[in-house]
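Please walk through the model shown here, with attention to its cores, its ring pairs and one of its helices.

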Amino acid sequence: MHQAALLGTAVKDARKYGWQISDPVCHDWAIMAEAIQNHVRSLNWGHRVQLQDKKVKYLNVKGSLVDKHTVKGLTKAGKEMILTAKNIVIATGGRPNYPSEIPGAMEHGITSDDIFWLKQSPGKTLVVGASYVALECAGFLTGIGLDTTVMVRSIALRGFDQQMAGLITDHMEAYGTKFLWKSVPKSVDKLSSGALQVTWTDTRTGDQHKDTYDSVLWAVGRAPETKALGLEQLGVHLKKETGKILLGSDESTSVPNIYAFGDIGEGRPELTPTAIKAGKLLARRLAGFSNEIMNYDNVPTTVFTPLEYACVGLSEEDAEKRHGKDGIEVYHAFYKPLEFIVAERDASQCYLKVVCARGGEQKILGLHFTGPNAGEVTQGFAMGFQCGATYSHLLQTVGIHPTCAEELVKVNITKRSGLDAAVTGC
């Protein structure tokens, strides 16, 4: 869906490059949805085939733990089965939360899990929440031409670098996404016309407001799938506030032969590649092939908003907390991607910064980048973090011209200097 939105922008850019494209250019939700659904089904089928090829038995049943070596499975038809094992690994992930305390939220709302399976366009949409999931959904809905609003209770992209978060939301607003800042929903009512009337409160003024939407998408966090597993009665410790499993560095729980990884682990990044790697390493340890444990430091990630944001390492705020304001040096630059120039696109939010320790070799603590293909750019630099990359290493690297990534190896202006950070030709 993110790609669908990017293609919409590319169509607009294409005219500047001489492509003769007749108006109106329309997006067909049904065609896109069918293609995405077919892709997801093919992935699921492919995984099952691979499991079978590797002699792994796949059971489509709902499981719960009877004791530390026994799992009870229940089929859709209600048939019960019992499975026993030396070790048990839990990787049930999480599901999107519904704010059940808000009247009409569950009856009339959808989540990010649902949007991929809608057969018809969601139309005018209110996205409630400001996580990366919320902003990604709002970004691609705007990108395919839908009237989209994001309702934000406090701040956007909590846990991410807040300067970068501000650039992302600024770009989204310029892109056409509307924002309702410092607002909390109170109710969702379905009108006789079929439209959804949302009532919310502006927390700055206490005033109530109403508007109508075709869809309300809740993106207010995810809950771990742990409640129905019977974990607490076996002595598996959970964090009371989140319901997530407390884990050791080796993915072990408080019960010696029960392990868990992925989103259900307290403090673990809710990222698929992280869970995959942690699971592979756990499997190798349980099979006796390795003692290597997952390194959860410096995990790279990307927010797939219209202007992508990727990062690895510490945010500027966290670096400052750990090392003090005088203990860090922040190199930064505003740059203009080549593909923006002919298309005459606004590049005012295309920005990068490298957060370094101020003393010694200036070890790189965090790297942040907004711009086209941000994930592709940052994936390569993330390897440098595993090797102890320093600012000197960055300067010694020859850039590939003309790319956005080369701006990172050219960055030389510090925030402390107060100099203009706009990239120039020389």
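Over the face of which residue does R345 lie? R345 lies over the face of F340, at 4.1 Å from the ring centre. K124 is placed over the face of Y213, with 5.0 Å to the ring centre. A charge is taken to sit over a ring if NZ of Lys or CZ of Arg is within 6 Å of the ring centre and within 35 degrees of the ring normal.

The model is predicted, so local features need pLDDT of at least 70 and side-chain atom pairs count only at pLDDT 80 or more, while totals for chains, interfaces and linings use all residues. Residues are numbered from 1 along each chain as its sequence is written, and side-chain values use heavy atoms, with hydrogens and water left out.

The largest nonpolar core has 35 residues, and W29, L135 and Y309 touch the most other members. Such a core is a set of buried Ala, Val, Leu, Ile, Met, Phe, Trp, Tyr and Cys residues joined through side-chain atoms within 4.5 Å. Buried means under 20% relative accessible area, exposed over 50%, and partly exposed in between (1.4 Å probe, protein chains only). At least two residues of this core come from each of α2 (29-53), α5 (132-143), α6 (162-175) and β17 (309-313). The most are given by α5, with 6 residues. Helices (H or I, at least four residues) and strands (E, at least two) are DSSP runs, numbered from the N terminus.

Leaving out residues up to four places away in sequence, L135 touches A130, V150, A156, L157, I168, T169, M172, F179 and T305; contact means heavy atoms within 4.5 Å. A second, separate core of 27 residues includes Y331, A347, C350 and V411.

Next come the aromatic rings. The whole structure holds 5 aromatic pairs. Rings of Phe, Tyr and Trp (its six-membered ring) pair if their centres lie within 6.5 Å; planes under 30 degrees apart count as stacked, over 60 as edge-to-face and the rest as tilted. F160 and Y309 form an edge-to-face pair, because their ring centres are 6.0 Å apart and their planes stand at 65 degrees. This pair links distant parts of the chain, with F160 in the loop between β8 (148-151) and α6, and Y309 in strand β17, 149 residues apart. F160 and Y309 are both buried. The rings of F179 and W181 are stacked, because their centres are 5.2 Å apart and their planes are at 10 degrees. F179 is buried at a relative accessible area of 11%, whereas W181, at 26%, is partly exposed.

T201 belongs to strand β11 (residues 196-202) and has 11% relative accessibility, so T201 counts as buried. Beyond residues up to four places away in sequence, T201 touches K182, S183, V184, K186, G206, D207 and Q208. V255 is in the loop between β14 (222-224) and β15 (258-260), and its 6% relative accessibility is why V255 counts as buried. Apart from neighbours within four places in sequence, V255 contacts K68, L234, G235 and V236.

Helix α7 (residues 272-286) has 15 residues and reaches 21 Å from its first C-alpha to its last, close to the 21 Å expected at 1.5 Å a residue. The expected span is 1.5 Å times one less than the number of residues. The buried residues of α7 include T274, A278 and L282, and the buried residues of this helix pack against β4 (88-90) and β15. After α7 comes G288, whose phi is positive, near 80 degrees.
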